[in-house]
Amino acid sequence: MTLNAQPAASLFIDGAFVEGEGAVLPVLYPYTGQEIASLREASTHQVALACQSAARAQADWAAMAPADRGRVLSRAAAIIRDRNDDLSRLETLDTGKPIQETLVADWPSGAAALEYFGGLAATVTGQMIPLGRDWAYTRREALGVCAGIGAWNYPSQIACWKAAPALAMGNAMVFKPSEETPLGALKLAEILIEAGAPPGIFNVVQGRGQVGAALVTDPCVAKVSLTGSVPTGRRVYAAAAEGMRHVTMELGGKSPLIVFDDASLEDAVGAAILANFYSSGQICSNGTRVFLQRGIAARFLDRLAERLAQVRMGDPLDPDTQFGPIINAAQAGKIRAAITAGQDAGARLVCGGLGEGGFIPPTVFADAGDDMLITRDEIFGPVMTTLTFADESEAVARANATGFGLAAGVFTQDLTRAHRVVAALEAGTCWINAYNLTPVEMPFGGVKLSGLGRENSAAAIEHYSQLKTVYVGMGAVEAPY
């Protein structure tokens, strides 16, 4: 079957498609390896043009009534929902994720973000501070041009999650998607123009690391928002700091999921599946260190293996497929190397293994040690490491013994213990008797090496705006001379 997802051009600048002037960027369907589009990277000059276009458009956009900006975002959300089937198919071609996932979890999440921040735009206010005769007030103002850099696991959702609060607050954005999944951001740019956004408010540039470096250091850019790995985050954060730019970093994780003996077995197993194998395990917040209290460990592993034996792997465009391929051969190779390292270190393989081609089946290790690579390092693939513990204090101490701090989960019927444990966990986003649910109304982000700042909810507004303080004198000025 011939698949063609070729866009009108590779870049979107100042309200129009523009062809890139840089190196060729092939877009491959992860299921077959077939080239579905051929793009070109942006040149350094084109990155500068995109930033200049955004800077020109931003002042007038910020001067609009917030409710009017909000209506544009709400219209964009409605367009996305109306075209969800076609957009989801494109997302599947771009990422290799099953269509049954993309129909409910990718563009729909993006639409929810646009709708939420569209409604929030008109509610953002300052503060009046009485000082006796005089008074002061604050204004929450746009930052200017924001640079967004996306990842390949949820490319269109990430583009929306970054664009929605930025645009709601009167900023413009220049967005660089991952070179692995460049197509969805171009659709978002088109949709925003159709919804009434002025040209230049959301521009898209394509490319590898050097394009991202040019974007982050452009003199027009006031804010950088990155979703990516910790090593990439370090480099981008350092580059942004040279210009004292605002930053949001949503980085990697090796998150703990703690299951106590009194947990609902079916719910805990189901959550562990979602926390490790949804999107073929390619999710930054995954709970890949599953701590099992000794009384439930054997039953948990038996039931987990039973349920994983039923997973349907195959063509991502088949509505019955539940589990798709890894994004590319290089990533699959890294995952296989980690699986081999786990076996060599003495961990017991409960199910799964190396797989074939682009597919790596859901893989579960037991009897692992805290110092093993499969326990320490983010694998970013369908690999779960289970460990056993005796009591609460041991579980919390071992869960926190990592440089990461993106997410954590707890399963127990004892809600007093659940709240006590999440209070002690060093993670930015925690779940109790659930996992990996990220509604737009809830802040999302990490601590420690997993990043700073927050995506989503009203908390995101603080990261896409700045506070201006105004003192108002209401009487004569007194001076000593």
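The protein chain splits into domain 1 (11-251 + 450-455 + 462-468) and domain 2 (256-432). Keep in mind as you browse that this is a predicted model.

Let's start with how the two domains meet. Their C-alpha centres are 31 Å apart, and the contact draws on 26 residues from domain 1 and 27 residues from domain 2. Between them, domain 1 and domain 2 bury about 2,100 Å², with 60% of that area on carbon and sulfur atoms. On the domain 1 side, the residues that lose the most area to domain 2 are Y31, W152 and S450, which together make up 26% of what that side buries.

Next comes helix 6, which covers residues 155-168. From first C-alpha to last, this 14-residue helix reaches 20 Å, close to the 20 Å expected at 1.5 Å a residue. Since buried means under 20% relative accessible area, it is worth noting that 14 of the 14 residues of helix 6 are buried, so the helix is largely enclosed by the rest of the structure. After helix 6 comes G170, with a positive phi near 95°.

Finally, there is an open sheet of 3 strands in the order 5-6-20, with antiparallel pairing. Strands 5 and 20 stand at the edges with a single partner strand each, so one side of each has no neighbour in the sheet. On average, neighbouring strands here are turned by 20° against each other, direction ignored.

| Strand | Residues |
|---|---|
| Strand 5 | residues 128-131 |
| Strand 6 | residues 134-142 |
| Strand 20 | residues 465-472 |

Strands 5 and 6 pair over 4 bridges in the antiparallel sense, and L131 stands opposite D134 in strand 6.

Note on methods. Residues are numbered from 1 along each chain as its sequence is written. This is a predicted model: local features need pLDDT of at least 70, side-chain atom pairs count only at pLDDT 80 or more; totals for chains, interfaces and linings use all residues. Side-chain values use heavy atoms; hydrogens and water are left out. Helices (H or I, at least four residues) and strands (E, at least two) are DSSP runs, numbered from the N terminus. The expected span of a helix is 1.5 Å times one less than its number of residues. Buried means under 20% relative accessible area, exposed over 50%, partly exposed in between (1.4 Å probe, protein chains only). Two strands pair if DSSP finds at least two bridges between them. Axes are lines fitted to C-alpha atoms, for helices over the stretch in contact, and angles run from 0 to 180 degrees between N-to-C directions. Domain bounds come from an automatic or database domain assignment. Contact means heavy atoms within 4.5 Å. Buried area is the accessible area (1.4 Å probe) that two parts lose on being put together, summed over both.
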